[in-house]
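Dear colleague,

Please find the structure below, and take a moment to look through it before reading my notes.

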Amino acid sequence: MNVRKTWDYLQAFIDEARNQELKVHASINTFVGGYLCPYNLGSDGMLFRDDSKKEWASVANLEDGLTNTMDLLNALYRLRSKIS
């Protein structure tokens with residue numbers, strides 16, 4: 001493996017996977033500034049403590065449209081009311 005100053009970690013994994021006849025399933029983890037916990041356990045993090053940070057949050061592509069992570073709790077309540 002040739003390591004350069006501009007070494008690409010993902011490409012290195014892809015290249016080695018090809019050598020081993022494996023597949024690489026790549027993904028990314030966005031900035032985590034808050035956490036909405038399932039099962040009614042609440043939320044935590046800077047995004048949920050500071051309303052001015054709402055624009056920093058990820059956006060989920062839900063059936064009824066794009067929904068800011070900060071608004072997911074309300075979306076879950078709407079979904080539950082449709083199911084009930």
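Is Lys54 buried, partly exposed or exposed? Lys54 has a relative accessible area of 33%, so it is partly exposed, where buried means under 20%, exposed over 50% and partly exposed in between, with a 1.4 Å probe and protein chains only.

This is a predicted model, in which local features need pLDDT of at least 70 and side-chain atom pairs count only at pLDDT 80 or more, while totals for chains, interfaces and linings use all residues. Residues are numbered from 1 along each chain as its sequence is written, and side-chain values use heavy atoms, with hydrogens and water left out.

The search of the whole structure gives 2 salt bridges (a side-chain nitrogen of Lys or Arg within 4 Å of a carboxyl oxygen of Asp or Glu). In one, Lys54 pairs with Asp71, with the closest N and O atoms 3.1 Å apart. Lys54 lies in the loop between helix H2 (46-49) and strand S3 (59-62), and Asp71 in the loop between strand S4 (65-68) and helix H3 (72-83), so this pair ties together parts that are 17 residues apart in sequence; helices (H or I, at least four residues) and strands (E, at least two) are DSSP runs, numbered from the N terminus. In the other, Lys53 pairs with Asp50 at 3.5 Å between the closest N and O atoms.

The search also finds 1 aromatic pair (ring centres within 6.5 Å; planes under 30 degrees apart are stacked, over 60 edge-to-face and the rest tilted). The ring centres of Trp7 and Tyr9 are 4.3 Å apart and their planes stand at 65°, so the pair is edge-to-face.

Best wishes

Methods. Rings of Phe, Tyr and Trp (its six-membered ring) pair if their centres lie within 6.5 Å; planes under 30 degrees apart count as stacked, over 60 as edge-to-face and the rest as tilted.
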